[in-house]
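Thank you all for coming.

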Amino acid sequence: MTSRIPRDSRLRLVRPRPLAAAPQAMNQRRPRRPAPRPPEGTPARSELAGMARSGLADAARVARWADSALGPGRGSATADGKATLSDATAAHAARELGLAVAKVRADWDTARLAGLVEVHGGTARPGWRLRAWNRDDSAVLRGWVALFDAWSLAHPEPAGQEPAAVAEVVSAMPQVLSFLQLSAGPVPVAQLLDLLEQRVTELRTERCEVPYGPRLEPGTPGAEPDPVPATDTPLAPLLDWALHALASVGALTCGDGHATLTPLGNWAVWVKLEQICVAAQSPAGNIEQSAEGMLRGCAQLRPNAARAEYRAWLAARPVGSAVTELLGAARGEDALLRGLAFEALRVVGAPAEPDVRGVLDEPTLRPYALLWLAEHDGIDPEDAHEVLTRPEATWLWVDTAAAVADHGEAPLLVRHLESAVQATVPALLDEVRAVGHPRTVQVLVALAAAHPDPALAKAVRRAAFQVHTGGS
């Protein structure tokens, strides 16, 4: 079966919805079910976090160096505002850290994929996970899972491979990993190759790609040559690449013709199979918490219960200091807290208006503040999104997607596509890349890993790679 990728993609969003509904999406939880127990022999979360810290120690070291050396006014982090370290910065880091330049670049890329560092134009700043690195096991594990999801970016495929075949292998690897997890021990690579070939065959059978527009007969002047069929590409080298890429992020080990999941890899695959949200649990006594602690405690509550918590917390504090504290939490790196902070400010109402207007010049808070002010002025929440410019709406979509990726389930991230204002996936990807949100790569990688449509996931994964490399 010949696979042809159309020039004008037919991938379309299911149905555009107002972005005003997006911040509420993460509170629309399904009824809770008892949390499944991990497989017998799975290390405790603290042990898993220790393994993740050990595996990401070099990346965290470079991220901390960037925090101290590349802050505002202290030098440029990247070349031309792209994701790749500039030559001067890489050399500077290599000298100070006693590492080779190539090692610095590799650790920098790992730190970005794990959310330990974020690039804003020509400067870098630490991600919220780095701030919580030594005290929050969940933040550490989420950082490692983000790297695990981005294994194909962390270890790009060998040159000369057919892109269609590479995309098929990436799409098929979750089934291979699931088999490894269920096997609970070493599995011969030959057996994994058989499984991979079966899954890729299924993907090709399920996919129906038709040339878009008229085609000239082969040999006719102006006719494009047929692409090399993906079915002619041997999968053994690509499986070898995938296994070594997953080994490079610490998900498995390879040796003696066998592959075995590491404890971290086994846990991550199990979590994904069970679709568990590894979010912070709601603590008791939210009224005594800081704004950030209170918001984290409300993250798992339904909207009505969360509003009751907001009211109780606000009643125990002067309005002015409470609003200041909520806006401080909104300025943090966790997008979920940003959305929840403005939900709490809606409970405050009119007394918060001057402070909310005062943050309109802050790009991170501006879309949230505009929606808050629109609703405060009496605009229907379903229509409030119309006050946003297209870039502001797109930035908010990415920010909300980052919150869902960090704290929600995979199906919720897929459904979040419906809240985008763009009519097609290619248009969405183009505008997402243009707004320059610091979490763009992680959001796209998570969406590609979660989406069940192989063609759409492939397009999103390609966009993530282009953002990661600073290409076009």
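Before anything else, a word on naming: helices (H or I, at least four residues) and strands (E, at least two) are DSSP runs, numbered from the N terminus. What you see is a predicted model, in which local features need pLDDT of at least 70 and side-chain atom pairs count only at pLDDT 80 or more, while totals for chains, interfaces and linings use all residues. Residues are numbered from 1 along each chain as its sequence is written, and side-chain values use heavy atoms, with hydrogens and water left out.

Let me begin with the aromatic rings. Rings of Phe, Tyr and Trp (its six-membered ring) pair if their centres lie within 6.5 Å, and planes under 30 degrees apart count as stacked, over 60 as edge-to-face and the rest as tilted. How many aromatic pairs does a search of the whole structure find? The search finds three. One of these is formed by Trp144 and Phe148, which are stacked, with 5.4 Å centre to centre and 10° between the planes. Because Trp144 and Phe148 are four residues apart in helix H7, about one helical turn separates them. Both Trp144 and Phe148 are buried, where buried means under 20% relative accessible area, exposed means over 50%, and partly exposed lies in between (1.4 Å probe, protein chains only).

Trp151 and Trp241 form another aromatic pair, this one tilted, at 5.2 Å centre to centre and with 45° between the planes. Since Trp151 lies in helix H8 and Trp241 in helix H11, this pair ties together parts that are 90 residues apart in sequence. Trp151 is buried at a relative accessible area of 6%, and Trp241 counts as buried too, at 4%.

That brings us to helix H11 itself, which covers residues 236-248. Its 13 residues reach 18 Å from the first C-alpha to the last, close to the 18 Å expected at 1.5 Å a residue; the expected span is 1.5 Å times one less than the number of residues. The buried residues in H11 are Leu238, Leu239, Trp241, Ala242, Leu243, Ala245 and Leu246. What covers them includes helices H7, H8, H9 and H10, together with strands S4 and S5, and contact here means heavy atoms within 4.5 Å. After H11 comes Gly250, whose phi is positive, near 90°.

Helix H9, residues 163-183, holds Ser171, which counts as buried at 15% relative accessibility. Leaving aside residues up to four places away in sequence, Ser171 touches Leu203, Pro454 and Arg461.

Two strands pair if DSSP finds at least two bridges between them, and S3 and S5, which run antiparallel, are joined by two. Which residue of S5 is the bridge partner of Val187? The partner is Ala259.

Gly378 follows H18 and has a positive phi, near 100°. In the loop between H18 and H19 we find His385, which is buried with a relative accessible area of 18%. His385 and Ala374 are 11 residues apart in sequence and 8.5 Å apart in space, C-alpha to C-alpha.

A disulfide is a pair of cysteine sulfur atoms within 2.5 Å, and a search of the whole structure finds zero of them. Cys254 is partly exposed, with a relative accessible area of 35%, whereas Cys298 is buried, at 0%.

Finally, let us step back to the whole chain. The chain has 23 helices and five strands, and buried residues make up 48% of its 472 residues. Of the contacts in the chain with a separation of 6 or more, 70% are between residues 24 or more positions apart.
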